[in-house]
Amino acid sequence: MNIKEVKGKNYVKELVDSIGRTKQLEFYNTKGHLDYPGSGYYGGPIIKYHYEPKVITETAYKSDIDLANDFMYSEVPNQIIYYLNNDNEITESTFRYKVEFTMEKEVLTKIIENFELYNNLIPETGMESYLMDSVFGYQFASAKLNGINPKNKK
């Protein structure tokens, strides 16, 4: 952490691997409890990164081992895979979702409504390519990909 006093403040704890890349982000609220980033349910209170040549995998967790699963409230994926070119630009993004079906019919109906809403927005927003502008969690990180914040080629 790059701040000295966290009491009463929202803050992000960043873990960095041995070669200077963001390994994990943990989001804390003013009470020092793990909480979701930003103002919504995007991602999870913990975001972990896995790196392969030209690939960044960003996975959201609700605890250290439990994947985030927010389909009861939104259409947000729990994992995004970013594919990079030789210039570290994002060329493609893949979204993965964790969906549990041990739920009441009302909840499943709400999930379907969220999917329909999201599907109706895609042509209007230009998101049909599923190309992310940048790695979501990197907006909260300092190390990123050895100091590089990959963006798409737009």
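A residue is called buried here when its relative accessible area is under 20%, exposed when the area is over 50%, and partly exposed in between, with a 1.4 Å probe and protein chains only. The model is predicted, so local features need pLDDT of at least 70 and side-chain atom pairs count only at pLDDT 80 or more, while totals for chains, interfaces and linings use all residues. Residues are numbered from 1 along each chain as its sequence is written, and side-chain values use heavy atoms, with hydrogens and water left out.

The sheet comes first. Helices (H or I, at least four residues) and strands (E, at least two) are DSSP runs numbered from the N terminus, and two strands pair if DSSP finds at least two bridges between them. On these terms, six strands form an open sheet in the order E1-E2-E3-E4-E5-E6, and the pairing is antiparallel. Strand E1 (11–16) and strand E6 (90–96) are its edges, each pairing on one side only. On average, neighbouring strands of this sheet are turned by 15° against each other, direction ignored; such angles run from 0 to 180 degrees between N-to-C directions, and the axes are lines fitted to C-alpha atoms, for helices over the stretch in contact.

Within the sheet, strand E3 can be followed to both of its partners. Strand E2 (residues 22–28) pairs with E3 in the antiparallel sense over three bridges, and Leu25 has Ile47 of E3 as its bridge partner. Strand E3 (residues 46–52) is also joined to strand E4 (residues 55–61) by seven bridges, again antiparallel. Here Ile46 stands opposite Tyr61 of E4, and Tyr51 stands opposite Ile56 of E4. Because five of its seven residues are buried, E3 is largely enclosed by the rest of the structure.

Most residues other than glycine have a negative phi. Lys54, in the loop between E3 and E4, is not a glycine and yet has a positive phi of about 65°. The hairpin of E3 and E4 that contains this angle has two residues between the strands. With a relative accessible area of 45%, Lys54 is partly exposed.

Another lysine has a positive phi elsewhere in the chain. Lys144 is found in the segment after helix H1 (105–125), and its phi is about 50° although the residue is not a glycine. Is Lys144 buried or exposed? Lys144 counts as buried, because its relative accessibility is 14%.
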